[in-house]
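User: I would like to learn how to read the features of a model like this one. Please take me through them one at a time.

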Amino acid sequence: MTQPRNPLWPETIWHGADYNPEQWPETIRAADPELMRAANLSAVSLGIFAWSTIEPEPGRFDWTMLDEAFSRLHRGGLRIALATPSAAHPRWLSALHPETVACDANGARRRPGGRQAFCPTSPVFRARVGAIDTALAERYGRHPALALWHIGNESMSGCWCDLCVAQWRVWLERRYGSLAELNRQWWTAFWSQTFSSWDEVIPPYANSDGSTGQWLDWRRFQSHQLCELLKHEIACVRAHSPSVPTTSNLMGFYPWVDYAQVADVVDLVSWDSYPAVGGDPSLTSLTHALMRGLKPSAPWLLLEQTPSATNWQEHATLKPPGLLRAESFQAVAHGSDSVMYFQWRRGRGANEKFHGAILEHSGRDDARVFREVSALGAELARVGPRVAQTQAAPARVAILHDWENRWALEKGAPARDKRYIETIHRHYRALWRQNIAVDVTRSDADWSQYRLLVVPMLYLLKTGAFPLDGAPEELAARIDFPARLATWMRAGGTCVASYLTGIVDESDLAFTVGYPGPLGPLFGVRVEETDNRRAGDANRLVLDPPLAGMRNEYPCERWFDLVRAEGADVLATYGDGWYAGTPCLTSNHFGAGRGIWLGTDADDAFLEDFYRGRCADAGIAPLVAAVDGVEAQERVGAAERLLFLINHADTSRTIMLGDRVGTDLLSGRSVSEAITLAARGVAIIAD
């Protein structure tokens, strides 16, 4: 059970917050370290939006604020994640070099102000970022309090300026090798859009049109440019701070940056978790699994959450007592080695003055939120050294998610009502409710540990068609997905694929061998047509005979594959309409494995019953017996397993533990057979 350990702080779990001393006078910030100790913080993220304070004019650095902060925080025993301030560049840079400000999707230059308004291609912007990053690393890169480089912040920038367009053309020429090949891949004969020169190639502006292949490549390029900027920043800090790891905080299922690429650039994945109060905790669980799965060989970090309310969601709902604790331990249960908040103090003005913080505007340490944070910090300090010796336990089930597939699906697939993330969530939730451990995996990940792989709506298949000879490594097609899946299935894996899988290749060109393209032999089916109907226009999935533990029929809606079995066994057919009797659930032997095709959007009851049976077939058992509202996760280390139980319900729940006997690290009580958790209660049971 030995796991690789966190290179940052192997001794405990970090507990901390975003800290913005540049927004406060000396009389306020002087008291911060003592208050942080009272809140049982052990770390802060520092300097995220401090560029104009650190470099008030070009080339002149003022280290007063950071020197003071490093000194005070270090004396207070706190560790520091020092940010590079590239997310919000100063007004003087925008004024001197307007080209550093991004253009919008119409190609119009944005007005300066706010954040994420930069052009990632601009040589001037990269030079100025490199200069301040280098200066930061020279001054603080070997400081004993520095534990992490926080590169940028919540990368979301997109730019349609002439610099980006010119670089995109270079990127395209490297990818395709010739204009003729680009025309073929983008299917430009449609609507007479054939390009006769590279200068004619433009992005899919908001006020223009283009092929979905063009759209896909523009999105790929935008992610590529952001990653190139991240690499540039990392190189600058590593030149003077080679041993300090790097991260860049992500935003879950944020659609417009391929986080798999970002994960390959940084040392540690981190993310900012802001579930709505009263929302579905299984969605938060899914997103933790997504972040963990981006870089499964390394620990991950919860870098932001609100301790109370947000100011930007539809409702600024306060977290009731106990919810912050439950959500924090949920992240730790999924493998996070930190519990961090935005923010330390509520600002007095501007956009986030009503965003939650550990210290409210009153600055009092006897306020409810401060007391809850302090109590949680004390618990983390007590159990952290033991928990930190473990990581999230390897799962036997995984669900595939892919950003490029999402782009292609949402732009190129028929109908508007796709619901890709919602569909992934429904499949995940069906397993989560049964306390089956589930990873979210990448197309190019190592799947050898998995017995069951779920592939919902994998519309786009990466077939390894690119790059052409001579293309740089970062443009290389990393995988031939059909070949990888075939190898994994031959070795004994069971794959469940759904409707809208195997429709197009990397360029959004439909497979001419029919659907699901090169996956057809793996699943033993040919999808002749797919019907899409409005929600509520339902059909029935009929199992005759029913599989063990399943009903005879279940409702299904929205998507209906018309499947022809070509070697697969038919497990279920449609019960109604003009395609009644047509297969909608099939199973095919492939090597030592199996390919199961689910051709319709079956209801939640079907998914729960279906996955219960498929997990039993694969020898995959729940961590504990399912209890409504209770989540179970495991962390494992060299010598022990820790079972995390989190009651997300508003009333108490009793969980049967079977033959599991141990000690709850949080309460210190011995437990066996069963444990009762109060509303939003948590237990960590060590064998």
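User: Which residue in E19 is the bridge partner of Ser498?

Analyst: Strands of a sheet pair through backbone hydrogen bonds, either parallel or antiparallel. Here, Ser498 has Leu598 in E19 as its bridge partner. E13 and strand E19 (residues 593-598) pair in the parallel sense, over five bridges. Two strands count as paired if DSSP finds at least two bridges between them. Helices (H or I, at least four residues) and strands (E, at least two) are DSSP runs, numbered from the N terminus. This is a predicted model: local features need pLDDT of at least 70, side-chain atom pairs count only at pLDDT 80 or more, and totals for chains, interfaces and linings use all residues. Residues are numbered from 1 along each chain as its sequence is written, and side-chain values use heavy atoms, with hydrogens and water left out.

User: Which other strand pairs with E13, and over how many bridges?

Analyst: Strand E12 (residues 452-455) pairs with E13 over four bridges, in the parallel sense. Leu452 has Thr494 in E13 as its bridge partner.

User: How do I read the two faces of E13?

Analyst: In a regular strand the side chains alternate between the two faces of the sheet. In E13, Thr494, Val496 and Ser498 lie on one side, Cys495 and Ala497 on the other, and all are buried. Buried means under 20% relative accessible area, exposed over 50%, partly exposed in between (1.4 Å probe, protein chains only). Five of the five residues of strand E13 (residues 494-498) are buried, so the strand is largely enclosed by the rest of the structure.

User: Now the open sheet. In what order do its six strands run?

Analyst: The order is E9-E21-E22-E25-E23-E24, with antiparallel pairing. Strand E9 (390-392) and strand E24 (670-677) are the edge strands, each pairing on one side only. From one strand to the next, the twist averages 30°. Axes are lines fitted to C-alpha atoms, for helices over the stretch in contact, and angles run from 0 to 180 degrees between N-to-C directions.

User: How many bridges join E23 to E24?

Analyst: Seven bridges join strand E23 (residues 653-664) to E24, and the two run antiparallel. Met656 stands opposite Ala674 in E24.

User: Which helix packs on the sheet?

Analyst: Helix H12 (residues 323-333) does, touching strand E21 (630-637), strand E22 (641-647) and strand E25 (682-686). Contact means heavy atoms within 4.5 Å. The direction of H12 makes about 150° with that of E22.

User: Is H12 largely enclosed or exposed?

Analyst: 10 of the 11 residues of H12 are buried, so the helix is largely enclosed by the rest of the structure. The buried residues include Leu323, Glu327, Phe329 and Gln330. Just after H12, Gly335 takes a positive phi of about 110°.

User: On to charges. How many salt bridges does the structure hold?

Analyst: Side chains of opposite charge can pair when their charged atoms come close. The structure holds 49 salt bridges. The cut-off is a side-chain nitrogen of Lys or Arg within 4 Å of a carboxyl oxygen of Asp or Glu.

User: What does the salt bridge of Asp67 with Arg139 tie together?

Analyst: The closest N and O atoms of Asp67 and Arg139 are 2.7 Å apart. Asp67 lies in helix H4 (residues 64-75) and Arg139 in helix H6 (residues 123-140), so the pair ties together parts that are 72 residues apart in sequence. Asp67 is partly exposed, at 29% relative accessibility. Arg139 is partly exposed too, at 42%.

User: What separates Glu181 and Arg184 in helix H8?

Analyst: Glu181 and Arg184 are three residues apart in helix H8, which means about one helical turn between them. Their salt bridge has its closest N and O atoms 3.1 Å apart. Glu181 is buried, at 19%, whereas Arg184 is partly exposed, at 48%.

User: Where do Glu608 and Arg433 lie?

Analyst: The side chains of Glu608 and Arg433 meet in a salt bridge (2.8 Å, N to O). Glu608 lies in helix H18 (residues 604-617), and Arg433 in the loop between helix H15 (420-432) and strand E11 (438-441), so the pair ties together parts that are 175 residues apart in sequence. Glu608 is buried, with a relative accessible area of 18%. Arg433 is partly exposed, at 35%.

User: Which residues are linked in a network of salt bridges?

Analyst: The network links Asp280, Asp417, Arg419, Arg426, Arg429, Arg558, Asp601 and Asp604.
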